[in-house]
Amino acid sequence: MDTDLVTRAQGGDEGAFASLAVAIGDRLHGVAFRILRDTDLAEDATQQALLNVWQDLPQLRDPARFDAWSYRLLVRACYAEGRKTRRWTPNLRLLPADEPIGADGIDLVAHRDQLERGFRRLSIDHRAVVVLHHYLDMPLDQVAETLGIPAGTVRSRLHHAMRGLRAALDADARPAAKEAAQ
Amino acid sequence: MSTDHDVTRIVRSWLEEGTTVVPDRVLDAVLDQVPAIHQRRLRWPARRFPTVNTTALRIGLIAAVLIVAALVGWRLLPGSISPGGPPAPTAKPTPIPKLNSQGLLPAGRYQVDATLPMKVTVAVPDGWSTDTNWVVIGPNGNQAPNGIAIRFYTVKNLLVHPLTPSAGAISPPVGPSVDDLVKAMVNHRDWTTTGPSPITIDGYVGQVVHVTLPAGTSAATPFYLSGDELGGDVYGWVAGQVFDIYVVDVGGKRLVIDAFHYPGTSAADLAAQQAILDSAQLTPIP
């Protein structure tokens, strides 16, 4: 991130903040959607996080740490959205008929529903760790720094979350395996 | 059975799906509000006052002192009549901050910001921190060998196999009372408990059960005291980890507090944990 832009926004430059918001808006929204699994909630969380960025920016001591700091504010906004309502309604998406194979050859259609169900059973704490690590490719120590929690807690949460997702995938695989055996 | 590598690849591919562009209306709404929102600035050191005419200042101070003394003396004269007027303003109660941030907590009283059917506040001493909105963690963290923490939640049911959450919840589900949950914990074949013992927190009665997590518990196979969909998403991750589980009836609603520690936790931290529990103030929400 352009630290000069951050510094100017810290000083109250609304134009600089507008440029910042445009630069980080997509990334924040992408993360919010993946944590909350709901378009409306993600938009609300992104909007609140950006407003909090503007409001609290003067308190950011090191402009070079802007990215991690902004993700922390976003995750907090996701917590708030998650607490505000429990409307975890699934986002229905019409899939093209010829979209069974993912980018790396994985049959995502077969797994999508299981993952969606398994992911929704996770708390926001666990989802945030999965998304920061597996979507943003953040190393675990950076996830810990971003969320302000010990690295051991991050590892524990990631392990728990991946175990839950694996159980969700395996749960649906079992009946098919039994049928195949018969 | 999927391998860890398969699961990671599938999850990563799945996460790539979905929106990556923030709608313009979100940015527009933010930028429309910015001019009306003041930035929160850091507090600066106390401002130095410019040099003033000290003679004028002294005269002013003396006059102020004389006026105050005259007013006080008049009010204290025998038989004097109160000047009346509106009563002196009383200090407004300071709002209790909520445990909804992460990191070190300044010593003070905090409200547990979890989705609980009652208001819960606790006094937290120096050196303790919070992780999420319902956890208070000791000065040495919450990990073995000497960590300590307190968590607040509700529990609707228990799992059939605490080390295998995919096996689901017990059926029929646990009833709503303190006794129902305590009996379910004590009688559960996979729970090794001592107690229960009667307790009182802020005048509300309940019971405490002590649980030591069995061999086989690890970060890879946590022992689930409850599950997310059951109201808690609560687990322990070290064999030998000790849980004191307080179940309290607060105006007909069940509150569960788990105060956990390890064999290596210091006596001072255990005493601080007990003090936090003793400081709890519980208020039913109608």
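**Exercise 1: an open sheet**

Strand β2 of chain B and strand β3 (residues 118-124) of chain B run antiparallel and are joined by four bridges. The model is predicted: local features need pLDDT of at least 70, side-chain atom pairs count only at pLDDT 80 or more, and totals for chains, interfaces and linings use all residues. Residues are numbered from 1 along each chain as its sequence is written, chains are lettered from A and ligands numbered from 1 in the order in which they are written, and side-chain values use heavy atoms, with hydrogens and water left out.

Task: determine the strand order of the open sheet in chain B and state which strands stand at its edges.

Solution. 
1. Strands are DSSP runs (E, at least two residues), numbered from the N terminus, and two strands pair if DSSP finds at least two bridges between them.
2. Arg109(B) has Ala123(B) in β3(B) as its bridge partner.
3. The open sheet has three strands in the order β2-β3-β13 (chain B), with antiparallel pairing.
4. β2 (108-111) and β13 (281-284) of chain B are the edge strands; each has a single partner strand, so one side of each lacks a neighbour in the sheet.

**Exercise 2: the interface**

Task: describe the contact between chain B and chain A by residues, buried area and salt bridges.

Solution. 
1. With contact meaning heavy atoms within 4.5 Å, 56 residues of chain B touch 66 residues of chain A.
2. The buried area (accessible area, 1.4 Å probe, lost on putting two parts together, summed over both) is about 5,700 Å², 54% of it on carbon and sulfur atoms.
3. Two salt bridges (a side-chain nitrogen of Lys or Arg within 4 Å of a carboxyl oxygen of Asp or Glu) are counted between the chains. One of them joins Asp137(A) to Arg12(B), with the closest N and O atoms 2.5 Å apart.
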